Amino acid sequence: MILGHDWAVDLLLQSLARDRLAHAYLFAGPPGIGKTSLALYLARALNCTDPGPRPCGSCASCRKIGQGLHPDVRVLDESEGEGKTAAGEPSEPASRRKPGIKISQVRELQTQAVLSPYEGRRRVYVLCDFQQANVEAANCLLKTLEEPPGSVVLILTALQAEGLLPTIVSRCQVLNLRPLPVRQVRDALRSYWGVEEPKASLLAGLSGGRIGWAIRASRDESLLSNREKYLVALEQAARLNLTERISLAQQLSRDPSALPEVLDLWREWWRDLLLARSGNPGALINVDRAQAIMADAQRYTLHAIQSYLRAIERASQQMDQNVSPGLAMEVLLLKLPRVSTEVSQV
Amino acid sequence: MAGQALYRRWRSRTFSELIGQEHVTQTLLNALRAGRIGHAYLFAGPRGTGKTSAARIFAKAVNCLEPADGEPCNHCSICTSINEGRALDLIEIDAASNRGIDEIRSLRDKIAFSPNECRYKVYVVDEVHMLTDPAFNALLKTLEEPPPHAIFVLATTEPHRIPLTVLSRCQRFDFRRVSVPNLLLKLERICAQEGVRARSEALAAIARHATGSFRDAESLLDQLVSFGVEEIKLEDVERVLGSAPEAVVAGMAQAVISGDAGSGLRWINEALDNGVEARQLTREVLEYLRGLLLIKNGGAQLLSVTPETEKSMAAQAEALTIARLLRAVRLFNGAGNLLKTGSHTQLPLEMALVEACLPEESPGQAQRGPGTVAGEPGAVSAPQTARAAAAGPAERRGPSSRTVVSGSQASSRPASGHVEPPPEPPDPPDLNPRLEEKRAIPPGSTKEASAAGETQAPVRQASVSADPGLAWLQENWGRLLQAIRPKSRQVEALLKSCEPLKMQGDVVTLGFYHGFHRERLNDEHNRRIVEEALSGLAGRPCRLESKLYDGNRQEREKETESSRREELLRNPVVREAIDQLGATVVDVQ
């Protein structure tokens, strides 16, 4: 079952029914919205043995695909062939390996692809996060992607089509998947994952429509408690003097792997301020703190909010470029507008 | 497989079907008719312009049993076997997968065998840019003088990655992007033969989005056909592309014009909720702004929009200055780039919109606004107060003394308020005292400043603000150094070993402690660097004077240092460091 993306599911099932299925698809969209799930759904629909509407989800073929056991359906991703890291756990920063699919994996795919399917109708290859594949691997796939052997369907997933070689994109049917409506995520959390109400709304709002994230957060308490911690830190920071801010920055940057998350949270918070300040309170992300946001928003000018968002942006760019995290955080915190009695008027 | 992708099913099969590449097909046809077939060709060009197709057509044409005026017949046994991809003598190599020297060696070993059934063995080496360097080199000799029955066709999207030695052995054909009318022609042909009904504006939208590539256009059409709608309409195309209706884009432009960030954000969020894609939206806004820019500059005929749209766009263009328009273009362009790289959702777009809505603020104003960035008030306010202190008296005195002393530079900086009489006026009575004072420290002329000014350094120091030119110079000294640094580090160092003494009119006087330094700076080249930088800062041409400074350097330095130290202690950041962290001032640089 696929949550959301009705139009994409429609499109795929329609083309299946009319025998117009393309041999190569590219599913593009932000992380955690169900690209790989949709790819596997298509694989099931292609190989389902049930005479009824496909995929049935209960025949042997469907179940095998669900468990990753089907011999004709392969999911290629970077972690293939090595110990998988648990979901949600920060991957160790020390690893020197570049992520992404390698040319050797693509070559292996090519040698297998010419064989006819073992038990299904079509061989399906799902290549995950193809924007991370290196240039050699991507080029290596070009000819296969254009004219694969008869029974093969290739499905690439990527954050966005722009990140790939244009020659790759032009060979695929591109489906741009969008984040789900927040309402749908909330309902899904309630009915399928048994999340209680206030939490379901909150998670749905925070997920920004990324159902995968919402589900992970519903299982993993630490995601929420971390959020609490970092937002409180942000609120406090605005009241601190310069010295205390520096020590806060040091404290936060002790765990550099958590910083992207911190910055994301702060960015969302300030985006909410931006929305609230400009009179669009309907689209807030941090719904549970709407009041605090509305109150906070009145303290700053649009321009101040804008420039702080830019500062956050800059800090996260700098961290990508290997600037010392401590330094970047210090600068960011020092730039934080100070909430004090003198400047509290608008 | 019945469901073959459109771009595979409708691959061109003859040269005449290959639309939009007449410069290539004509040349090849002429060569075929004349029987002058080369042994190595290179087809280069963007994706989806017909390189691989042309290579296959060419392979058919040279081998066809009944060629018609150079074109392959597509009926004979050889043509059909090539069309079905089972010909033994058309060897299509995926150079991106077989990119090593070993693959090329095995090719070289086999090339000597004569063809199985055709006249020529045709090697189509696709994506040839991915061959490794050794592989390219291993190919060189074979490529130069292959056996008479072998023809090479290399195809690539990136010809610049191919070694020159390979390029020089091939006849090169550059495929061009296909124009929109040609794309439309092909799309219409496909629709007619597939029995698909499509509105012409929908096809036009597809063609525009394909950016000159047949394959992109055909993939998109394929996707739309898969939806199974009766007739393909513009809305369908928009939905698949995630592009926004015109109203949204126009609404956002209107928000920028009226500076209403709130309504602009509403437009964005509504559009995104309706399935519009943030990047696509950014692109369309940019396109729209470009339209406004065209209208504004009298290029309205370059636009392809309906008359009504053009009218409303013209009204919007009227309401914007070119500067603001350009700024908006820059902002949205930046947002587009951010969206491309990051995993963000719509935030960059929203920020660009808000910033475009805000009135342009000079950095100074921005920092003084209420509730602004806190770290900076601290850091900035010190210089600011210093500047205010320095500027205060200077401005009060500035206009009068300047007009009197050197008339020439009157209007380059704001003469605060009251209208002065033109240069050399009958002295108004109230100016007299100051005039006297000015004259006491000799003004204007160039040879003077020596004795009086410098021997009494303390006096000069105290009267810093009495000379507006010098105050300005000292204020901007750091910026001057910065401006010079990228041009010449040496000159920067030279400037560090001198003191700005005076600025009168457009003559800047620098004092040196050592004759050597002075000579170096007077060197024509160095001097020009400084003068250029100075002129750039002052906004008018400046000349440089230098003289030997005969005071005691160490004493002077001590004085400046102690005054700097005092100033530093007034800085809140420093004070806080001292109070909270127990810092001490060790050195002032």
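## B:His517 and its surroundings

In this predicted model, B:His517 is part of helix α26 of chain B, a helix that spans residues 515-522. The residue counts as partly exposed, because 19 C-beta neighbours lie inside 10 Å and a residue is classed as buried at 20 or more.

Apart from neighbours within four places in sequence, the contacts of B:His517 are B:Leu494, B:Ser497, B:Cys498 and B:Phe512.

## The three-stranded sheet of chain B

Strands β8, β9 and β10 of chain B form an open sheet in the order β8-β9-β10, and the pairing is mixed. From one strand to the next, the twist averages 25°.

## The five-stranded sheet of chain B

Chain B also contains an open sheet of 5 strands with parallel pairing, ordered β2-β3-β4-β1-β5. Strands β2 (90-94) and β5 (171-174) of chain B stand at the edges; each has a single partner strand, so one side of each lacks a neighbour in the sheet. Neighbouring strands in this sheet are turned against each other by 15° on average, with direction ignored.

Inside the stated order, strand β1 (residues 40-44) of chain B lies beside strand β4 (residues 150-156) of chain B. These two strands run parallel and are connected by 5 bridges. B:Leu42 is found opposite B:Leu154 of β4 in chain B.

## The contact between chains A and B

The contact between the two chains involves 59 residues from chain A and 56 residues from chain B. On the side of chain A that touches chain B, the largest share comes from helix α14 (residues 302-320) of chain A, which supplies 6 residues.

By class, this side of chain A comprises 23 nonpolar, 21 polar and 15 charged residues.

Methods. Residues are numbered from 1 along each chain as its sequence is written. Chains are lettered from A and ligands numbered from 1 in the order in which they are written. This is a predicted model: local features need pLDDT of at least 70, side-chain atom pairs count only at pLDDT 80 or more; totals for chains, interfaces and linings use all residues. Two strands pair if DSSP finds at least two bridges between them. Helices (H or I, at least four residues) and strands (E, at least two) are DSSP runs, numbered from the N terminus. Axes are lines fitted to C-alpha atoms, for helices over the stretch in contact, and angles run from 0 to 180 degrees between N-to-C directions. Two residues are in contact if their C-beta atoms, placed from the backbone, lie within 7 Å. Ala, Val, Leu, Ile, Met, Phe, Trp, Tyr, Cys and Pro count as nonpolar, Asp, Glu, Lys and Arg as charged, and the others, Gly among them, as polar. A residue is buried if 20 or more other C-beta atoms lie within 10 Å of its own, exposed if 12 or fewer, and partly exposed in between; C-beta atoms are placed from the backbone.
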